[in-house]
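Subject: Structure for your files

Hello,

Here is the structure I said I would pass on. My notes on it follow below.

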Amino acid sequence: MPRTRSIAWSELKLGIVGLIAAALIVVIVVAIGGEGGFFWERYPLKARFLDAQGLRSGAIVRLSGKEVGRVKAVEFADGFIDVSFEVSKSLRPFITDTTVGKIGSSGLLGESLLDLKSTRGGTPVADWGYVRTGEAGTLADFTTTAADSLKEAGDLLADIRAGKGTVGKLVTDDAVYKQLQQFVGSAADLADRLKAGEGTVGRLVNDPAVWNSLKASLENLQAVTAQLKTTNGAIGRFLNDEATGKSLSNTLANLDQTTGRLNRGDGTIGKLLTERELYDRVNSMASRLDQVAAGLNTTEGTAGRLLHDQQLYESMNTAVTELRNLLSDIRKDPKKYLNVKVSIF
């Protein structure tokens, strides 16, 4: 039976040194790899995009601009692109259902990376859960937009050179330029007139008396408004006195009641407004009065002749005068006219 060879201490030391070196290599790799930490300190997440935009496995994952992990896989899934990545478990409170992930780049022409926007609040995303995504613009989109903008700027310059639009006419049309020059000259002339104190505005700007008059008017207006705010005067009491307001309210209420009674036909005026029979009677009376007035205007009848026949008027006036004289004589000497004999036989 062969004899088992014993392990020498030199060989054991070599093995221990090799294990320590391997551990150091692992630690260095993890330190260089970013903030992800060891595999037991990370947890997996996913994000779904329409376009990978050059993102690949091993790309950097950033959270609010800080590198926190690496992309593990970029795969097709149901017509979309699923990006699997890992981050440190200590960041779980900052990656929630309100966090938004976008595909960005480390520079204008740099490699693509996964950029997450940190948020506070919300529910943390579970292991292998999907982070909300927002599609970011690519460099091609930026180039297309810039090209379109340059094209529009070129078209605008071409229109200006062709004399289109207000700016184009101003640049190319001499008539528009002359009109603008005339307008500027008129504005300058107006400014000179204002400085010279011509016109109402010029006097207001240059004449202190006009300004003082306007200032006094404004002060009077302020005094009037201040007085209106108090209870002095009829308008002030009307605006501020509660008793006056109540009196006006009662007056309006009484007026409303009166109009209501008129509409219902209460009272003489109400009946006159609402009852047809009473209206017809009043109308008939008015017609008869018109007839009487028309008869008085003619010489028909005693009253008409009395108004228009001068001889009849004078005769009646004479008769009345004689009657008054007779009554006066009777009062003076009643025995002369009242001689009564009484005989008994």
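Which helices each supply at least two residues of the nonpolar patch? They are helix H5 (199-206) and helix H6 (208-229). Please keep in mind throughout that this is a predicted model.

The nonpolar patch

The patch lies on the surface and consists of Val-201, Leu-204, Val-205, Trp-211, Leu-214, Leu-218 and Leu-221, with about 650 Å² of accessible area together. H6 gives the largest share, 4 residues. From helix H5 I looked at Val-205 in particular. Val-205 has a relative accessible area of 58%, so it counts as exposed, the cut-off being over 50%.

Salt bridges

The search of the whole structure gives 6 salt bridges. Three of them are described here, starting with Asp-82 and Arg-48.

The side chains of Asp-82 and Arg-48 meet at 2.7 Å, N to O. Asp-82 is buried, at 6% relative accessibility, whereas Arg-48 is partly exposed, at 28%.

Arg-56 and Glu-111 form another salt bridge, with 3.6 Å between the closest N and O atoms. This pair links distant parts of the chain, 55 residues apart: Arg-56 belongs to the loop between S1 and strand S2 (60-63), and Glu-111 to the loop between S5 and strand S6 (112-117). Arg-56 and Glu-111 are both exposed.

Asp-127 sits in the loop between S6 and strand S7 (130-133) and Arg-92 in the loop between S4 and S5, so the pair ties together parts that are 35 residues apart in sequence. Asp-127 is partly exposed, with a relative accessible area of 41%. Arg-92 is also partly exposed, at 25%.

Around Arg-92

The loop that holds Arg-92 runs between S4 and strand S5 (100-105). Leaving aside residues up to four places away in sequence, Arg-92 touches Tyr-43, Pro-124, Val-125, Ala-126 and Asp-127. With Asp-127 there is a polar contact between the two side chains, at 3.1 Å. Pro-124 is 32 residues from Arg-92 in sequence, yet the two are 6.0 Å apart in space, C-alpha to C-alpha.

Ser-84 in strand S4

Strand S4 (residues 80-88) also contains Ser-84. Is Ser-84 buried or exposed? Its relative accessible area is 9%, which means that Ser-84 is buried, the cut-off being under 20%. With residues up to four places away in sequence not counted, Ser-84 touches Leu-45, Lys-46, Val-71, Lys-72, Ala-73 and Trp-128.

Helix H8

Helix H8 (residues 242-264) has 23 residues. From its first C-alpha to its last, H8 reaches 32 Å, close to the 33 Å expected at 1.5 Å a residue. Just after H8 comes Gly-265, which takes a positive phi of about 90°.

Regards

Conventions: Residues numbered from 1 in each chain as written. Predicted model: local features only at pLDDT ≥ 70, side-chain atom pairs only at ≥ 80, totals over all residues. Heavy atoms only, no water. Buried < 20%, exposed > 50% of the residue type's maximum accessible area, 1.4 Å probe, protein only. Contact = heavy atoms within 4.5 Å. Patch = residues over 30% accessible without salt bridge, like charges linked within 9 Å, V, L, I, M, F, W, Y side chains within 5 Å. Areas by Shrake-Rupley, 256 points an atom, 1.4 Å probe, with all protein chains shown as cover. Salt bridge = Lys/Arg side-chain N within 4 Å of Asp/Glu carboxyl O. Polar contact = N/O pair within 3.5 Å; in protein donor to acceptor, adjacent residues only side chain to side chain. Expected span 1.5 Å × (residues − 1).
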